Amino acid sequence: MRRRFFLFGRIVSARKAFYRPDTGKELVHIAQVKDLVAAAKRGLQKLQTNAAFADKCLALVVIGSLYLPSTVSGFTIIAASFYVMANYQRRGKVFGAPYFKLLFGSFVFSFFISASYRNYMGMAMTLMLLAMMVYGMYLRSVMTRGLLDEMLDLACLMSVPAVLAAVLQKAVTFAADPSYRPVSFFNNANYFGMMIEFTVAIILYRALRNRRALSMYTVLLGVNMLGLYLCGSMSALAAVSCGIFVFLLCKHRRKLAGLYGIVLVAFFAVNKVVPALFPRTEAISYTTDQRLSIWHGAVSGILQTPLFGRGMRAYSIVHDLFGTYPTYHCHNLYLDCLLDFGILGSAVMLIFGWYYLRGIIRRIRGRRACNADLLFLTVLIMTLVHGCTDVTISWTQTGMLFFILFSATGVSLQRNRQTSLSVSHSYYHQSPRTVKYYQ
């Protein structure tokens, strides 16, 4: 009898302990942890079984990392390239693209050229460029309109903390050095300027595609123009202006293009009256002298190795030979390509670029181009204009964003495939009399 009462008391005390508030909270926390673990397991299983979902997640991680420090973006780019190269089907989509094997081989050859000149920085940058090319070409092969919109919206949102970081850097250093150019999360103010260039083009594209969120994109455009002003890059301002004009004219928005031109004229007029508004204009003569010295050294280096170049970042190993201004690159994209890759390597890049650009131009002339084609054309013009005075495209964050925007042209490929499939489907489901007529 005593033993029964003892067991009954233990059961009652256990039930009371179970329903105590503290114990109940612990049980709730345990249940939440279990739910999180189960959700993580489901996510991992979906990543393993659903290739489209895995591609989407990786693409969002890569484009989001580009607005973070270069070490983070470099790691994600390398991981993405390994993801592509580790699978035969994904690898086949990349190397099956027209002229890609030729371009890939030319950069592999450039890697060994860099090694022969002990250009170790050039070797590392060539490997990173190969990784960016591989992932960019794969992304182009799987790009859809929905994936592109999500990626570009994330890029627009990630630009906000980058600009806020630049504002904070400017505020902290303004008292000690008013001429300081903030770099945000990037290694150089000019890299920051090029990222802003591309982001402005992205915002314009998304504003025309998503009219419901026009007010949000207007705010984002203002934030990024503030970042462009803070970085103090005249080359970035010229490139943005050309890119915006081309995009608006291609979209037949002549009034907006004219309004933007009026704003630019007003800006320079005010800057003429108040030079402190944009103090970088006063340093144009000084920077021009620097660039003339750099270009003289670049031309001398090109004449020494005209065919194969000396690998990427070649100017950093030749400026001492000619006594020209010491820096990392030629401050001119065209001279830099000739000095780094020579005439042969530059010719391969021209062949590759012209093949894909020709398709975009044909679609534009035939009125079959989508907005993604115009977006890349705008970004390409920005890059070529900025390339007259700088080589900011030759970096991890800017280069990968350029390849991502190049992959946007894959939207037209997907649309053409769907059209051909629908045509073939309707063809095989026609009446025998109609099929005989088409045969």
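## Terms and model

A salt bridge is a side-chain nitrogen of Lys or Arg within 4 Å of a carboxyl oxygen of Asp or Glu. Lys and Arg count as positive, Asp and Glu as negative; His and the chain ends are not counted. Buried means under 20% relative accessible area, exposed means over 50%, and partly exposed lies in between (1.4 Å probe, protein chains only).

This is a predicted model: local features need pLDDT of at least 70, side-chain atom pairs count only at pLDDT 80 or more, and totals for chains, interfaces and linings use all residues. Residues are numbered from 1 along each chain as its sequence is written, and side-chain values use heavy atoms, leaving out hydrogens and water.

## The chain as a whole

The protein chain has 19 helices and 0 strands. Both are DSSP runs, numbered from the N terminus: helices are H or I with at least four residues, strands are E with at least two. Of the 439 residues in the chain, 45% are buried.

Contact means heavy atoms within 4.5 Å. Among contacts with a separation of 6 or more, 73% are between residues 24 or more positions apart. The accessible surface of the chain comes to about 23,800 Å². Carbon and sulfur atoms hold 67% of that surface. Such areas come from the Shrake-Rupley method with a 1.4 Å probe; for residues, only the protein chains shown count as cover.

## A buried charge without a partner

Which side chain of opposite charge is nearest to D340? It is R313, 7.3 Å away. D340 is buried, yet has no salt bridge. D340 lies in helix α15, which covers residues 333–365. Leaving aside neighbours within four places in sequence, D340 is in contact with S110, F308, G309, R310, G311, M312, R313 and A314.

## Salt bridges

How many salt bridges does the structure hold? There are 5. One joins R206 and D149, with the closest N and O atoms 3.2 Å apart. This pair links distant parts of the chain: R206 is in helix α9 (residues 189–209), D149 is in helix α8 (residues 145–173), and they are 57 residues apart. Both R206 and D149 are buried.

R206 also forms a salt bridge with D153, where the closest N and O atoms are 2.8 Å apart. Here too α9 is linked to α8, across 53 residues. R206 counts as buried because its relative accessible area is 5%. D153, at 22%, counts as partly exposed. D149, D153, R206 and R209 are linked in a network of salt bridges.

Another salt bridge pairs D373 with R363, with the closest N and O atoms 3.0 Å apart. D373 lies in helix α16 (residues 371–386) and R363 in helix α15, so the pair ties together parts 10 residues apart in sequence. D373 is buried, at 0% relative accessibility. R363 is buried as well, at 10%.

Helix α4 (residues 70–85) has 16 residues. At 1.5 Å a residue, it should span 22 Å; its end C-alpha atoms are 22 Å apart, so the two agree. The expected span is 1.5 Å times one less than the number of residues.

Which residues of α4 are buried? They are S70, S73, G74, T76, I77, A80, S81 and V84. Seen down the axis of α4, they fall within an arc of 165°, so they line one face of the helix. The arc is that of the directions from the helix axis to the C-beta atoms. On the other side, T71, F75 and F82 are exposed. The buried residues of α4 pack against α3 (51–65), α5 (88–95), α7 (120–142) and α17 (396–407).
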